[in-house]
Amino acid sequence: MLAYIARRIVYVIPIVISVALVCFLLVHITPGDPLVAVLPADASQELAAQLRAAYGFDRPLPVQFGLWLLRALHGDLGNSIATGRPVLAEVMRAVGNTVTLAIAAAIIGFTMGILLGLIAGYFRETWIDKVATSFAIAGVSVPHYWLGMVLVIIFSVQLNWLPAVGAGPGGSAAWAWDWAHLQYLVLPAITTSVIPMGIVTRTVRALTGDILSQDFVEALRAKGLHETGVFRHVIKNAAPTALAVMGLQLGYMLGGSILIETVFSWPGSGFLLNSAIFQRDLPLLQGTILILALFFVFLNLLVDIAQAAIDPRIKRG
Amino acid sequence: MLIKTTTRAALIAALALTTAAAWPRVASAETVLRIGMTAADIPRTLGQPDQGFEGNRFTGLTMYDALTGWDLSSADKPSVVIPGLATEWKVDDADKTKWTFKLRPGVTFHDGSPFNADAVVWNVEKVLKQDAPQFDPSQVGATATRMPTLVSAKKIDDMTVELTTSEPDSFLPINLTNLFMASPAKWQAFYEKAEGADAKAKTQAAWTAFAKNASGTGPWKMSGFTPRERLELVKNANYWDKARVPKTDKMVLLPMPEANARTAALLSGQVDWVEAPAPDALPEIKQRGFKLYTNEQPHVWPWQFSRIEGSPWNDIRVRKAANLCVDREGLRDGLLGGLMVPATGTFEPGHPWRGKPTFEIKYDKPAAQKLMQEAGFGPNKKLAVKIQTSTSGSGQMQPLPMNEYLQQALAECYFDVQLDVIEWNTLFSNWRRGVKDPSANGSNATNVTYAAMDPYFALVRFLQSSMAPPVSNNWGFINNPKFDEMVKRARQTFDPAARDAALAELHAASVDDAAFLYVAHDVGPRAMSPKVTGVVQPKSWFIDFSLVSMQ
């Protein structure tokens with residue numbers, strides 16, 4: 001197992017470097033001026049040159065990349081051009097808020113997804129299956145920003161039950177796990193959960209159906225095993241694939257959703273990316289993308305290791 | 001009986017106690033104004049805000065003052081420059097590049113340190129003197145361009161400073177509205193504590209600390225700050241202008257870049273005031289008893305023409321025809337739901353810089369068609385023009401639908417309009433490169449909206465030939481010696497009334513020349529709860545939050 005983990009970690013290194021290179025290049029090759037946040041369009045040429053030099057944008061791209069990577073390895077992602085604040089602190093604060101949202105959404109989405117998937121799989125081709133599958137299809141089909149707006153109109157504007165925007169009465173800095181704060185999480189978490197819920201439902205349904213049609217299940221039943229025991233075997237066989245899918249979904253959610261976080265003014269990584277894109281704040285954009293990409297890479301690594309722990313056959317692959 | 005009397009006395013005593021206990025609470029109940037901004041982040045708080053004039057509105061004019069300010073007290077009159085931290089100013093009779101500013105006595109920063117000539121020199125040098133410890137490149141861009149001729153400041157005495165410009169420039173007092181006075185004492189304290197590998201790093205660390213705990217002289221003081229989420233300001237009861245001591249105890253600014261989210265926050269009672277509510281929600285906002293404020297802003301939504309050799313816009317008949325062919329009232333009442341003012345120039349009647357143009361910009365399709373026919377065009381020979389525009393952008397209003405409206409309108413006057421739609425930041429960067437640059441992509445007009453707060457931004461950078469790229473925003477390379485002469489005269493006329501008259505002449509000449517296709521002025525819509533009172537929305541990008549009360 002240790003050798004497997006070591007091998008997987010070695011694979012991660014080139015991926016991380018590639019991710020860093022791609023995210024650096026992507027933001028630099030887009031058209032427009034990187035200093036647009038601090039340099040008005042009517043700034044003089046001298047001023048533009050002075051600021052370009054001050055921010056290091058006058059250097060060749062490979063030099064800029066090398067310096068950025070070197071600093072990043074030391075945990076310094078530079079300062080935001082627009083605000084002057086350190087990028088790492090900005091990103092970590094935003095990621096923390098997105099993690100809160102992602103975990104809440106995962107609890108809702110995965111619980112509902114597993115439940116609906118198992119029910120649909122057990123009662124395949126019945127009306128129960130059709131109802132559960134309809135939920136799943138609706139979950140993956142409904143544009144989530146639209147759903148978010150509809151939820152806000154119903155529960156905030158019309159019924160006035162839940163807040164429409166924000167991360168608590170005093171902002172995320174004063175976050176507490178009480179109802180006064182959790183109520184801010186309800187609508188964005190439900191909105192974020194619908195796609196993972198749909199995907200997990202469909203996956204678990206397919207897995208449950210497949211496993212139930214396999215010979216070993218017949219054998220278990222023939223041996224007189226109670227249905228609860230059969231159910232346990234079904235879950236154990238479905239778990240590795242379901243876990244992989246849930247891991248990927250959690251990864252997507254940890255990446256934050258620009259649309260959902262903007263609709264709810266939730267101060268997470270998606271909201272931060274939105275701001276960085278519109279202000280063309282390159283250090284912030286690079287830093288945010290890098291951190292999110294690294295999250296995804298390491299999450300995949302964890303899922304791979306967890307899968308290998310559950311199903312030893314994977315290690316041999 | 002005794003029991004009854006005792007009970008009654010006890011009840012009266014309890015009532016009296018309850019009333020007495022409640023009274024101070026009622027008297028001291030804190031009033032809070034919560035505002036949903038369109039910005040995705042809190043504009044910078046360190047003195048020189050980013051995010052354009054929305055930044056100045058929320059984190060500039062609230063916490064800071066400049067030497068000169070804007071009169072924001074009327075919704076009807078144009079907003080003009082008034083004394084701020086300077087009480088009077090005068091240009092040197094012998095050397096018109098030297099100005100003397102007398103400072104307002106008795107003003108202190110929020111940290112208690114005095115405002116004086118040293119503070120003014122320090123603040124000028126924070127953006128102009130590269131070897132000053134407080135020099136901050138990140139504040140230079142948004143500041144130096146708004147006062148392009150200022151080069152230095154010198155202390156004469158504690159309450160007098162001398163400012164020097166690179167050339168005689170009567171616009172300086174107007175430009176100085178953009179230089180906000182931050183507290184040198186507070187910054188110095190942060191600088192001394194700051195850690196950094198070198199002086200530059202220490203400077204940056206000091207400004208970062210200052211931004212979190214800022215100190216100016218303005219009517220509002222910073223009391224809480226969560227980056228990207230909220231800025232809390234409390235009233236400065238010791239503000240030097242007693243008429244502008246805030247009537248609300250506290251103001252909370254919340255970034256909400258999405259229009260529907262802002263509107264929902266208002267309708268659900270999470271905020272009391274939103275900037276630019278979702279246009280589709282305006283009927284519901286009004287129906288629910290919320291108030292909507294609009295007023296003409298110093299903003300222009302134009303087409304800026306190419307005037308290089310071979311441009312179809314070089315013929316004044318074509319430029320005038322375009323201006324006469326657009327039904328601006330139809331655009332206002334239809335597509336924009338009333339949220340624009342038809343533009344008949346950069347400034348509208350009543351503005352001191354309007355002047356008396358002889359070319360009347362209005363909807364007159366027959367006259368436009370006649371002009372086009374005189375220029376050699378007609379139903380069977382249309383004039384092809386290409387316009388570069390964006391899908392969105394600050395101040396761009398609804399660029400695509402509005403340009404499609406123009407496309408249809410101008411088709412009736414024998415124009416064949418092709419749109420070149422690009423991303424906003426790219427369009428903005430291309431603006432500076434000019435029509436001769438490949439980035440223009442064959443366009444012969446560009447659609448970048450502009451603020452018209454001061455003469456340089458409103459007129460000079462577009463009309464003066466020396467402002468052609470790469471110097472500034474004369475995108476189309478207008479080269480009209482008459483304009484150049486008028487700009488020079490306005491800049492060198494130091495009596496304010498005479499300067500305004502010179503600017504009015506320049507503006508009238510630009511309208512008579514149909515220098516742009518003038519389409520619309522934005523109206524800065526904002527919606528608020530009926531609890532918010534005392535709002536005066538001036539003809540400005542700014543608004544005075546001090547006047548606002550919460551019921």
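Q: Helices are DSSP runs (H or I) of at least four residues, and strands are DSSP runs (E) of at least two. With that in hand, what are residues 284-306 of chain A made of?
A: The model is a predicted one, and in it residues 284-306 of chain A are 100% helix and 0% strand. The end C-alpha atoms of that span are 33 Å apart.

Q: Which UniProt annotation covers that span?
A: The UniProt record, an unreviewed entry, marks residues 284-306 of chain A as "transmembrane region".

Q: How many helices and strands does chain A have?
A: Chain A has 13 helices and zero strands. Its C-alpha trace spans about 85 × 55 × 35 Å along the principal axes.

Q: Where is confidence lowest and highest in chain A?
A: Helix α13 (residues 313-316) of chain A is lowest, with a mean pLDDT of 66, and helix α7 (residues 179-212) of chain A is highest, at 93. Over chain A the mean is 86, and 96% of the residues reach 70 or more. Where pLDDT is low, the predicted coordinates should not be read in detail.

Q: Changing topic: how is chain B divided?
A: Chain B is split into domain 1 (28-64 + 218-295 + 525-550), domain 2 (67-184) and domain 3 (299-522). The centres of domain 2 and domain 3 of chain B, taken over C-alpha atoms, are 32 Å apart. Their contact takes 11 residues from domain 2 of chain B and 12 from domain 3 of chain B. The domain 2 side comprises seven nonpolar, two polar and two charged residues.

Q: What does UniProt list for residues 81-442 of chain B?
A: An unreviewed UniProt entry lists them as "domain: Solute-binding protein family". That span of chain B is 31% helix and 22% strand, and its end C-alpha atoms lie 41 Å apart.

Q: What is the strand order in the seven-stranded sheet of chain B?
A: The order is β8-β9-β10-β1-β11-β20-β12 (chain B), in an open sheet with mixed pairing. β8 (220-226) and β12 (291-293) of chain B are at the edges with a single partner strand each, so one side of each has no neighbour in the sheet. The twist averages 20° from one strand to the next.

Q: How do β1 and β11 of chain B run?
A: They run parallel, joined by two bridges. I35(B) is opposite W273(B) in β11(B).

Q: And the sheet of four strands in chain B, what is its pairing?
A: Antiparallel, in the order β4-β5-β7-β6 (chain B). β4 (86-91) and β6 (150-157) of chain B are the edge strands. Six bridges join β6(B) to β7 (residues 160-165) of chain B, and D157(B) has T160(B) as its bridge partner in β7(B).

Q: Which helix lies across β5, β6 and β7 of chain B?
A: Helix α3 (residues 117-128) of chain B does, running at about 165° to β6(B).

Conventions:
Residues are numbered from 1 along each chain as its sequence is written. Chains are lettered from A and ligands numbered from 1 in the order in which they are written. This is a predicted model: local features need pLDDT of at least 70, side-chain atom pairs count only at pLDDT 80 or more; totals for chains, interfaces and linings use all residues. UniProt positions are given in the numbering used here, feature names are shortened, and annotations may be inferred rather than shown by experiment. Two strands pair if DSSP finds at least two bridges between them. Axes are lines fitted to C-alpha atoms, for helices over the stretch in contact, and angles run from 0 to 180 degrees between N-to-C directions. Domain bounds come from an automatic or database domain assignment. Two residues are in contact if their C-beta atoms, placed from the backbone, lie within 7 Å. Ala, Val, Leu, Ile, Met, Phe, Trp, Tyr, Cys and Pro count as nonpolar, Asp, Glu, Lys and Arg as charged, and the others, Gly among them, as polar. pLDDT is the predictor's confidence in each residue, from 0 to 100.
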